[in-house]
Structure formats: C-alpha cells, structure tokens
Amino acid sequence: MKILNISIVTLLFLALLSPVKNVVGQAYTRDSLTMGQGYANDLFYSFANGLVKEEPRSNWDIAFYTPKFSAGIMINQGAGVSLYTYPKGDTNAWATVDTNGFSTWKSMNNSVNNWEDGAFNENQLSEYDYGWGIYNMVTHNLTGDSLYVIKIADGSIKKLWMMDKFSIQNIYHFKYANIDGSDEKMVEFNLVPYETKNFAYYSLVNNAELDREPLSGAWDLLFTKYMDSVPDMEGNMQLYLITGAANNVGIGASHFYPVGPNFTLWGLKPFVAEKNVIAAGWKEFDNTTFSYQMVDSTYYFVKDTADNVFKLKFVYFDFMTGSLALDKMLVSISDINDNMADRKSMSIYPVPATDNITIRLNTKVTDDSQLAIYDLNGRNVYSQSISGTSLTNGASVNVNLPAGLYIAKVTVGQAVYSQKLLLR
C-alpha cells in the first residue's frame with residue numbers, strides 16, 4: 001500500500017484543476033546523437049528518454065500504416081526507393097508488364113507532412129479510392145486496382161501489385177516479381193502484431209517483414225532522410241531529399257524565428273501536428289567553411305507524447321559523421337485539459353487511486369487499445385494493451401507505481417484520450 005502525506009495529496013488534487021504548469025528555473029539539457037556516415041541510421045528520439053532506438057535505414061523498402069481502417073503505404077525514399085504507377089494497363093496486365101519508356105514515367109512520392117499518405121496513395125481519385133485500391137463500403141475491405149514498378153535501393157526493378165486488404169483482420173495481400181515474371185513472391189502480411197507501432201515494414205530484397213519501430217508512444221522525433229518540400233533558388237517549392245527531424249504521428253511543434261535565447265512564449269503559435277514542422281530548417285550549408293551552420297535565432301517548441309512542452313535548439317551538425325547535438329528545456333508540464341469532452345469520453349477511477357485503477361471508455365469500442373502512463377518528466381513508466389471489450393465494460397489495471405501525479409493516455413486506432421491520474 002502506498003502512503004502519501006495528506007498535504008501532498010491536497011496539493012496534487014489542486015494540480016488536477018490547473019491544466020498547465022509553467023516550469024520556472026529550468027536549464028537546457030544537451031543530447032548528442034549520431035546517424036553514422038552517409039546518415040545510415042534512423043534515430044528514434046524521446047525528449048524524456050533521449051535515444052530510444054537506432055535502426056539501419058536501408059533494411060526496408062515498403063511500410064504499412066498499422067491502424068485497421070487505414071490504407072496508407074509508403075516507400076523508403078530515404079534509402080533510394082522509387083515507385084511508379086504502371087501506365088500501360090491495370091491489374092490484368094500483370095503478366096505483360098515491361099519497362100519500355102521507363103525513364104519518362106512520373107515517380108510517386110510520400111506525403112511531405114502526413115505519415116499516413118504514402119507514395120502508393122498518391123493517385124487518390126475519390127473518397128473511396130485510396131490510390132492503390134478501392135474501398136468497399138459493405139465489407140470495409142480494399143481491392144487493388146493498379147500495378148506498380150518499384151526500383152529498390154540495390155538498383156533492381158520489380159513489378160508489384162497490392163492485391164487487397166482485409167480491414168477487420170488487418171491483413172494485406174500483395175505480390176511482386178522481377179519484370180520478366182521470375183522469382184514471383186506472394187505475401188500475406190498480418191499487421192496485428194505491429195498495431196502498437198505506427199508502421200509495419202517489409203524488405204523486398206530479403207523477402208521478410210521487419211519490426212523496426214519503438215512503441216508509437218515511446219518517441220517524439222525521428223532523425224532520418226526523407227522527401228520534403230524545399231524552396232529552390234527562385235523561391236519555388238520543390239521536392240528534395242533532406243536529412244532532418246520528422247515529428248512522430250500526433251506530435252505537435254511550432255517554429256519561432258527570429259527570437260532570443262530567453263524566449264519562452266510558446267503559446268503565441270498553435271502546435272502543428274505534421275511530420276515536417278522541424279525538418280531540416282535548423283541548419284544550412286556554408287560553402288566557405290564547407291560545413292553546416294545552425295540557423296541563428298531559431299527555436300522550436302514541441303509537445304511530446306506526455307503533452308509536456310519542450311523548447312528545442314540545435315547546436316551543431318557534422319555531415320561527415322552524421323553527428324548532431326541539440327539543447328532541450330522543459331518549459332511547461334502537461335498541457336492537458338481535463339475538459340468535459342474528455343470526461344464524457346473516458347473515466348478513470350477511483351480518484352485518488354492506489355495500485356488498481358479502472359478505465360472505461362463511454363463509447364462502444366471493438367479495436368484493441370494501448371494504455372500508456374507518463375510521469376511529469378514525460379517518461380513512459382507503464383504500458384499495456386487492453387481489449388476494446390474490456391474498455392467498454394471497464395478495464396481493471398494494476399499499475400503498481402509510486403504515489404504521485406501521472407498522465408494516462410489511451411490510444412484506440414487514431415483516437416487518443418488523455419487524463420490526469422493521481423495515485424496515493
């Protein structure tokens with residue numbers, strides 16, 4: 001049984017009534033990261049915990065967004081993968097795919113600001129057309145209606161057909177082969193084991209699926225190479241392969257320039273939950289010194305997975321080794337409103353609680369969910385999968401955490417519910 005002084009309980013209860021706590025007297029903390037020569041590795045980074053995971057960028061070719069009712073599929077443009085919609089026929093042309101005129105075909109691109117819209121989704125023509133396939137309103141399944149030619153990082157070219165997705169089961173079927181039809185592979189890819197991650201990955205080179213991401217709630221930024229929209233010499237926006245920071249799904253950020261080092265008025269701008277808010281705008285190449293210089297007087301504010309707000313300043317970037325350093329400062333704790341809408345959507349009781357809590361979503365839920373609990377420093381201190389049926393009826397969870405104030409977040413598909421949790 002946890003014991004907490006009654007005066008502390010009173011203070012924490014009063015804290016529940018105040019949604020924002022500004023942090024006074026905080027200092028910068030410096031984190032150093034290394035992507036390696038040629039920026040070979042992807043770095044999953046958390047403001048609370050630093051480097052969470054490091055993965056070779058080139059170990060995958062295509063990736064599937066994991067929610068059941070999503071059809072998002074992206075390609076590994078950062079490793080040199082290119083995708084083309086086959087212009088000479090639909091799926092009936094599978095046996096006769098050729099690459100005559102290949103150099104004139106338009107390549108497909110992942111969205112620059114939205115993780116879910118990958119290169120396979122670029123040719124969406126209507127509400128029920130997801131680019132690679134058509135949605136069936138009765139079965140909720142998708143049927144592939146396009147063929148693709150894909151050039152992978154090793155330079156080889158293959159034909160590929162996203163055949164279907166069984167949405168309820170969260171299973172894709174696709175096949176790929178050499179252009180002449182040899183070495184054909186038929187794949188059934190079950191995304192259920194990856195639903196606590198943003199993406200499930202597949203290597204066409206190794207004919208294998210990969211589990212390469214941390215839990216979706218365990219990281220805030222991904223340092224990687226990806227396509228972004230960048231102004232050219234005339235100021236026109238062009239797609240360009242950059243090395244920079246991409247926000248995790250749902251992570252909001254804002255950019256302030258020019259401001260001084262003591263600037264903390266992050267509330268002057270809304271947080272934008274797009275992946276390229278930070279991107280590569282914090283550095284610029286100096287042809288005189290042949291090195292990257294940090295853009296002066298530019299700062300970012302990021303609301304992390306626990307809804308704490310951090311101030312971010314980049315310190316250096318060495319393109320020879322792929323090394324970088326950043327300074328971070330916690331400027332606001334848990335900007336979460338326990339508003340009436342949240343209370344109507346989710347209940348956590350008793351208040352305060354001890355080891356055992358009950359979580360109930362006040363709408364019918366069929367999908368499994370992920371519970372994540374964070375302390376006020378933004379550290380993920382507890383995670384658990386919960387069935388949708390349990391949440392609807394009231395799921396009992398033994399959290400076994402020290403007394404204190406926490407943030408509980410429940411993610412169901414693309415919906416996220418957050419509330420403060422007081423333990424005594």
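Among contacts in the protein chain (heavy atoms within 4.5 Å) between residues at least 6 apart in sequence, 56% join residues at least 24 apart. This is a predicted model, where local features need pLDDT of at least 70, side-chain atom pairs count only at pLDDT 80 or more, and totals for chains, interfaces and linings use all residues. Residues are numbered from 1 along each chain as its sequence is written, and side-chain values use heavy atoms, with hydrogens and water left out.

**Overall build**

- You will find three helices and 31 strands in the protein chain; helices (H or I, at least four residues) and strands (E, at least two) are DSSP runs, numbered from the N terminus.
- The radius of gyration is 23 Å, close to the 22 Å that the globule rule gives for 424 residues, so the protein chain is as compact as a globular protein of that length. The radius is taken over C-alpha atoms, and the globule rule is 2.2 Å times the number of residues to the power 0.38.
- Along its principal axes, the C-alpha trace spans about 75 × 60 × 35 Å.

**Surface and charge**

- Of the 424 residues in the protein chain, 51% are buried; buried means under 20% relative accessible area, exposed over 50%, and partly exposed in between (1.4 Å probe, protein chains only).
- The protein chain exposes about 19,200 Å², with carbon and sulfur atoms supplying 52% of it. These areas come from the Shrake-Rupley method with a 1.4 Å probe.
- There are 32 positive and 42 negative side chains, and the centres of the two sets lie 6 Å apart. Lys and Arg count as positive and Asp and Glu as negative, without His and the chain ends; each charge is placed at NZ of Lys, CZ of Arg, CG of Asp or CD of Glu.

**Nonpolar cores**

- The largest nonpolar core has 27 residues, of which I62, F64, F120, F174 and F189 touch the most other members. Such a core is a set of buried Ala, Val, Leu, Ile, Met, Phe, Trp, Tyr and Cys residues joined through side-chain atoms within 4.5 Å.
- Strands supplying at least two residues each to this core include β5 (62–65), β12 (157–166) and β14 (185–190), while β13 gives the most, with three residues.
- Leaving aside neighbours within four places in sequence, the contacts of F174 include I62, F64, W161, F189 and Y202.
- A second, separate core of 24 residues includes Y45, A245, A253 and Y300.

**Two partly exposed residues**

- Y128 lies in the loop between β8 (107–108) and β9 (133–135) and counts as partly exposed at 32% relative accessibility. Not counting residues up to four places away in sequence, Y128 touches G133, I134, Y135 and M137.
- V315 sits in strand β23 (residues 309–318), with a relative accessible area of 26%. Beyond residues up to four places away in sequence, V315 touches R30, M294, A325, L326 and D327.

**Backbone details to look for**

- Most residues other than glycine have a negative phi, and most peptide bonds are trans.
- A cis peptide bond joins Y257 and P258, with omega about -10 degrees; P258 is in the loop between β19 (252–256) and β20 (283–286).
- V351 and P352 are also joined by a cis peptide bond, with omega about -10 degrees.
- N207 is not a glycine but has a positive phi of about 55 degrees, and N207 is partly exposed at 33%.
- N400, not a glycine either, has a positive phi of about 50 degrees and counts as exposed at 58% relative accessibility.
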